[in-house]
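Here is a friendly walk through the fold, written to be read with the model open beside you. Follow along strand by strand and helix by helix.

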Amino acid sequence: MEFNRRNFLSKLSSLAGTFTAGAILTPALASNLEKAFEKIAHLPAEASITDETFWYQIKMAYTVSATHLNLNNGGVSPAPKVVQDVVERYNQISNEMPSHYMWRLVDNGKKIVREKLAQLAGCSPESIAINRNSSEALETVIFGLRLKAGDEVILTKQDYPNMINAWKQRAHRDGIVLKWLDFQFPIDDKQEIIRTFKNAFTPKTKIVHLTHMINWCGQLMPAKEIIAEAHSRGIEVVLDAAHTFGQFDFKIPDLDCDYLGTSLHKWLCAPFGTGMLYVKKEKIKNLYPLFAAPDPEEDDIRKFEHLGTRSSAIEQAIAQAVDFHLMIGAERKQKRLYYLKNYWVERVKDLPRIKFFTPMSENLSGAICLCSIEGFKAKELARHLDNKYRIHTVGIEWENLHGIRVTPNVYTVTDDLDRLVLAIKEIITELEQKG
Ligand SMILES: Cc1ncc(COP(=O)(O)O)c(C=O)c1O
């Protein structure tokens, strides 16, 4: 989305129009943000990604700690204040008389939330179900697919534990066969990944479970190509897009996956406990819902939303998160996140003892990066960074991946990353001195 002043003001006023001005950015903040946008408006996304004044204004739209540096946005991301405020306001309104205000009034916005998500995803709203997270979205698919004993599912040892456990439970219950791929990341040649999947396909393969971006190390998998190979053999693909929807500027139909699950509280910065399931329209009928619907074989995407009572306030505020995301611009955000990863990596990559598990090229990586420092166990290093430097990362010890995972977000500025660079340099110098 290109910036122009009218567009910006209407975006802000559409946010304001949801409730009162008190629920949105303060006038001073809105004015600063507007000025910052005006400065970068004429620039291509590439040029604006290095404008720290602009990104500092984005940071001010969040309520993050100014002393404890959060570099674990891969786990879960904070929401901008505008999103937090709307959750609170809807919640207060709901509490006036929940069955009336929450179910009859607040819930009325659900159609628009679905439409906004569909627009972002580039698909029909009739393919979008709103739920609580990637786990729920993907487990709906994993437990809803019609598979029988002997059918093969291909997945990797580097997939997400909840999804691995769900597939193992299905294998235990129904006798389906799990075929595990095991990758040594980083992999710079995407053909190697595609080949590994192709070589695993057999006539019994019915499903590929594919993690679009490996959460442990940030390796982006060539989803489009793997999906095309699978489809040419009649195999369906379940895409775990927990780390790509909202981080990367793509449209779901371009990938052509059959099923996709994502968490909106990660890269979209929507409220905690928001997620999305995408099912290709023609696949809805045959996929059983996880929470029973009146007709399990109906082809209405809403059959996946029979969850019972949940907070409509949280669900509705997804709309503000989408607006905030569009205000920054999906392409600008993707490029900034890639820039931030490279910013700190460039400054430490030639130091002794440091090793990376993340590919560095723009078509294979984004914000997430995993590195180890010889002389420190992963979790110890994460603890040390937290205790001594007040820098929050996460220690990863999973299969063949060991290190600290560093994940900035749009509210991270380069000054923050300079803090990380200094800390890493000091840690390595101390280790070298000890010998
Ligand atoms: C690749 C991947 N899939 C699924 C999930 C599950 O996400 P949630 O906890 O929001 O359900 C995560 C969470 O980090 C993840 O990284």
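Helix α17 (residues 414-434) lies across β9, β10 and β13 (401-406), and runs at about 25° to β10. Helices (H or I, at least four residues) and strands (E, at least two) are DSSP runs, numbered from the N terminus. Contact means heavy atoms within 4.5 Å, while axes are lines fitted to C-alpha atoms, for helices over the stretch in contact, with angles from 0 to 180 degrees between N-to-C directions.

Please keep in mind that this is a predicted model, in which local features need pLDDT of at least 70 and side-chain atom pairs count only at pLDDT 80 or more, whereas totals for chains, interfaces and linings use all residues. Residues are numbered from 1 along each chain as its sequence is written, and side-chain values use heavy atoms, leaving out hydrogens and water.

**The four-stranded sheet**

- An open sheet is formed by four strands in the order β9-β10-β13-β12, with antiparallel pairing; two strands pair if DSSP finds at least two bridges between them.
- β9 (354-356) and β12 each have a single partner strand and stand at the edges, so one side of each is left without a neighbour in the sheet.
- From one strand to the next, the twist averages 40°.
- β9 and strand β10 (residues 369-373) run antiparallel and are joined by three bridges.
- Within this pairing, I354 stands opposite I373 in β10.

**The seven-stranded sheet**

- Seven strands make up an open sheet with mixed pairing, in the order β2-β8-β7-β6-β5-β3-β4.
- Here the edges are β2 (128-131) and β4 (177-181), each with a single partner strand, so one side of each has no neighbour in the sheet.
- The twist averages 20° from one strand to the next.
- Strand β3 (residues 152-156) runs parallel to strand β5 (residues 205-211), and three bridges join them; V153 stands opposite I207 in β5.
- Helix α10 (residues 190-200) packs on the sheet, where it touches β3, β4 and β5, and its direction makes about 155° with that of β4.
- β3 also pairs with β4, in the parallel sense and over five bridges; I154 faces K179 in β4 across this pairing.
- Together, β3, helix α9 (residues 161-174) and β4 make a right-handed β-α-β unit (right-handed: with the strands pointing away from the viewer, the path from the first strand over the helix to the second runs clockwise).

**Helix α7**

- Helix α7 (residues 110-121) has 12 residues and reaches 16 Å from its first C-alpha to its last, close to the 16 Å expected at 1.5 Å a residue (the expected span is 1.5 Å times one less than the number of residues).
- Its buried residues are K110, V113, R114, L117, A118, L120 and A121, where buried means under 20% relative accessible area, exposed over 50%, and partly exposed in between (1.4 Å probe, protein chains only).
- Viewed down the axis of α7, these buried residues fall within an arc of 160°, so they line one face of the helix; the arc is that of the directions from the helix axis to the C-beta atoms.
- On the face of α7 turned away from the buried side are the exposed residues K111 and Q119.
- The cover over the buried residues of α7 includes β2, α12 (252-255), β8 (275-279), α13 (312-316) and α14 (318-328).

**Helix α11**

- A223, I226, I227 and A230 are buried in helix α11 (residues 223-231).
- Down the axis of α11, its buried residues fall within an arc of 100°, so they line one face of the helix.
- Among what covers the buried residues of α11 are α10, β5, β6 (236-240) and α12.

- F324 is found in helix α14 and, at 3% relative accessibility, F324 counts as buried.
- Not counting residues up to four places away in sequence, F324 touches I58, A61, Y62, P80 and V82.
- T393 sits in the loop between β11 (391-392) and β12 (394-398) and, at 4% relative accessibility, counts as buried.
- Leaving aside neighbours within four places in sequence, T393 is in contact with L71, N72, A382, L385, I404, R405 and V406.
- T393 and G366 are 27 residues apart in sequence and 16 Å apart in space, C-alpha to C-alpha.
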